[in-house]
Amino acid sequence: MNQELIGKTIKEIRKKENLSQQKFADKYGVTYQAVSKWENGKNIPDISILKQICTDYNLDLNDFLDSKINNKISKKKTIIAIIIFIILIIIILGFAFFFKNNQNNNDFEFKTLSSSCSNFTISGSIAYNDSKSSIYISHITYCGEEEQIKYKEIECTLYETNDKTKTEISKLNYSNKKGITLEEYLKDIKFNVDNYEKTCKIYKENSLHLEIDAIDENGETTTYKIPLTLEENCLN
């Protein structure tokens, strides 16, 4: 039985519980001087107090008397330190990966999208790098003949056409019994297609277009096709 190691174990238990020597002493009906002597290895608690300490903190009395608890606590601290170290490494690697990706993502070039259709004004752009592209259309204005037709359903779809193959990229829907004019509807329309699977270099001239299908209160459908034009080809 090693009094000094038993004393260190008692001190670790007390500090772990955030108890002063006086509060620890009060808990076991002794003076704080007695607790101080235990922790300094000058004395050990009565066996009844040791049993109570072990019961209170779920410890094995034999391990306590053989000073094995200290070793277990040290091993636990070592394991915790290793786990914390591994977590820190994971966090650091995560930040490094994020930063690297961010650098790559920031290496974008931009091309302006517009409409060659006289009835519509469109503001948009394609942001791209060597691996992906993003399409953003923020403003669509109808500037054709003034009309007050109310449409109860409107579907606005962004398409890409290649070799007679029509591919839907994104779609926006409107449905309301009260109806809305085309001009009112287009004010709030925005397309934001992030991380599109194709790169800008693959887009051919006029391969992108918008298609608007508007159904009026009589169930008749009016279709508008709006070709989109790139500022210039994405070949560089």
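Which residues of α4 are buried? I shall answer that question in the course of this talk, after a few words on the model.

The structure before you is a predicted model, in which local features need pLDDT of at least 70 and side-chain atom pairs count only at pLDDT 80 or more, while totals for chains, interfaces and linings use all residues. Residues are numbered from 1 along each chain as its sequence is written, and side-chain values use heavy atoms, with hydrogens and water left out.

Let me begin with the chain as a whole. Its secondary structure comprises seven helices and eight strands. Helices here are DSSP runs of H or I with at least four residues, strands are runs of E with at least two, and both are numbered from the N terminus. The chain has 236 residues, of which 35% count as buried. By buried I mean under 20% relative accessible area, by exposed over 50%, and by partly exposed anything in between, with a 1.4 Å probe and protein chains only. A contact means heavy atoms within 4.5 Å. Among the contacts in the chain with a separation of 6 or more, 58% are between residues 24 or more positions apart.

I turn now to helix α1, residues 3-16. Buried in α1 are Ile6, Gly7, Thr9, Ile10, Ile13 and Arg14. Seen down the axis of α1, these buried residues fall within an arc of 160°, so they line one face of the helix. The arc is taken over the directions from the helix axis to the C-beta atoms.

What follows α1? The helix is followed by Asn18, with a positive phi near 55°. Asn18 has this positive phi although it is not a glycine. Its place is in the loop between α1 and α2, the latter being residues 21-27. Asn18 counts as exposed because its relative accessibility is 69%.

Next comes the packing of α1 against helix α3, residues 32-39. The two helices pack at an angle of about 120°, and their axes are 7 Å apart. That angle makes α1 oblique to α3. Axes are lines fitted to C-alpha atoms, for helices over the stretch in contact, and angles run from 0 to 180 degrees between N-to-C directions. Angles under 35 degrees count as roughly parallel, over 145 as roughly antiparallel, 65 to 115 as roughly perpendicular, and the rest as oblique. On the α1 side, Gln3, Gly7, Lys8, Ile10, Lys11 and Arg14 meet Val35, Trp38 and Glu39 of α3. By class, this contact has three nonpolar, two polar and four charged residues. Ala, Val, Leu, Ile, Met, Phe, Trp, Tyr, Cys and Pro count as nonpolar, Asp, Glu, Lys and Arg as charged, and the others, Gly among them, as polar.

Within α3 itself, Ala34, Val35, Trp38 and Glu39 are buried. Viewed down the axis of α3, these residues fall within an arc of 135°, so they line one face of the helix. After α3 comes Gly41, whose phi is positive, near 75°.

This brings me to α4 and to my opening question. Ile49, Leu50, Ile53 and Cys54 are the buried residues of α4. Down the axis of α4 they fall within an arc of 140°, so they too line one face of their helix. α4 is followed by Asn58, whose phi is positive, near 55°.

Which residues does Tyr28 touch? Leaving aside residues up to four places away in sequence, Tyr28 touches Ile49, Gln52, Ile53, Asp56 and Tyr57. Tyr28 lies in the loop between α2 and α3, and it is buried, with a relative accessible area of 10%. Tyr28 and Leu50 are 22 residues apart along the chain, and their C-alpha atoms are separated by 9.7 Å.

Finally, two residues in strands. Ile135, in strand β3 (residues 133-142), is buried, with a relative accessible area of 0%. Asp216, in strand β7 (residues 208-216), counts as buried at 11% relative accessibility. Asp216 and Lys150 are 66 residues apart in sequence and 6.1 Å apart in space, C-alpha to C-alpha. Not counting residues up to four places away in sequence, Asp216 touches Ile149, Lys150, Tyr151 and Lys152.
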